[in-house]
Amino acid sequence: MQLLDCVKGEVVSEVKLQDRPYRICLTDRNTATVDIVGKKIQMIKVQDKTLTKGRELTVSKIMHGLTSNRNTLLVSYHNQPWLEEISMDGNVLHQFDKSGKSQHFKSPEFMCTTPGGSVFVSDHGTNTITKVDEQLNILQTCTSLLLDGPCGITAVTENQILVCSFRNHSILLLQPFTNTVSTLLGEDDGIENPYSLTYCPDQKKVYVAPTGQIGTIKVYQMS
């Protein structure tokens, strides 16, 4: 895992992990949480521009999605569609109740948390974005013809959610308040098979990681 200076484009610090890092989120300004491929969650401390390993957690299944919300972690499981909220000690606090809703998720890939604490889940098996509450109850399901293989997802505001539409070669803007989806960036902007992305509120920039372009992160300025 690397800490990058986004202004200079330089690697500031690096820490070796026991296996491939798959997902990442911030639990606070000085702590990153990393999904290690398999059933491990590794805490990484950021202090004085240096990365160091912290606590390690083990979860019940092979996870794919990861986000944090009010000092808890929310994870999604891919092969057995499932969501869990767990404490920073690894205790399961809530699980998605599949009774009567077993077909809602097929391939929950990515998760994100808005500044206000709302949680969204992308599912490339159903081509949907789902909003859930802290107890993992379904609040809203967003669908659109533009959502074709939704992967990476990140929140700009409560009503601005950015989504990677993998097969549409585009970055979409989801506005949950009106349940509308529009194209923000497309192939003409150099988007090709976008897989993950994040947003920097300080610089108002979007960082996009495409597949098939190893070592490349594309940067876009938001107005």
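Student: In which sense do strand E16 and strand E17 pair, and over how many bridges?

Tutor: Strands of a sheet pair through backbone hydrogen bonds, either parallel or antiparallel. Strands here are DSSP runs marked E of at least two residues, while helices are runs marked H or I of at least four residues, and both are numbered from the N terminus; two strands pair if DSSP finds at least two bridges between them. In this predicted model, strand E16 (residues 160–165) and strand E17 (residues 170–175) are antiparallel, paired over five bridges, and cysteine 164 stands opposite isoleucine 171 in E17. Residues are numbered from 1 along each chain as its sequence is written, and side-chain values use heavy atoms, with hydrogens and water left out. Because the model is predicted, local features need pLDDT of at least 70 and side-chain atom pairs count only at pLDDT 80 or more, whereas totals for chains, interfaces and linings use all residues.

Student: Which strands stand at the edges of the sheet that holds this pair?

Tutor: The sheet is open, with four strands in the order E15-E16-E17-E18 and antiparallel pairing. Strand E15 (150–157) and strand E18 (180–185) stand at the edges, each with a single partner strand, so one side of each has no neighbour in the sheet. Neighbouring strands of this sheet are turned by 30° against each other on average, direction ignored, where axes are lines fitted to C-alpha atoms (for helices over the stretch in contact) and angles run from 0 to 180 degrees between N-to-C directions.

Student: What is the order of the strands in the sheet that contains E11?

Tutor: That open sheet of four strands runs E11-E12-E13-E14, again with antiparallel pairing. Its edges are strand E11 (108–113) and strand E14 (138–143), and each has a single partner strand, so one side of each is left without a neighbour in the sheet. E11 pairs with strand E12 (residues 119–123) in the antiparallel sense over five bridges, and proline 108 stands opposite aspartate 123 in E12.

Student: How many residues lie between E4 and E5 in their hairpin?

Tutor: There are three residues between E4 and E5, and glycine 38 in the turn has a positive phi of about 125°. Strand E4 (residues 31–36) and strand E5 (residues 40–47) pair in the antiparallel sense over six bridges, with glutamine 42 in E5 as the bridge partner of valine 34. E5 also pairs in the antiparallel sense with strand E6 (residues 50–58), over seven bridges; this second hairpin has two residues between its strands, and aspartate 48 in the turn has a positive phi of about 50°.

Student: Is threonine 130 buried or exposed?

Tutor: Residues count as buried under 20% relative accessible area, exposed over 50% and partly exposed in between, with a 1.4 Å probe and protein chains only. Threonine 130, which lies in strand E13 (residues 128–132), has 0% relative accessibility and therefore counts as buried. Its side chain and that of histidine 104 are joined by a polar contact of 2.9 Å, a term for a pair of N or O atoms within 3.5 Å; within protein, one must be able to donate a hydrogen and the other to accept it, and residues adjacent in sequence count only if both atoms are side-chain atoms.

Student: What does the secondary structure of the protein chain come to?

Tutor: The protein chain has zero helices and 21 strands, and 46% of its 223 residues count as buried.
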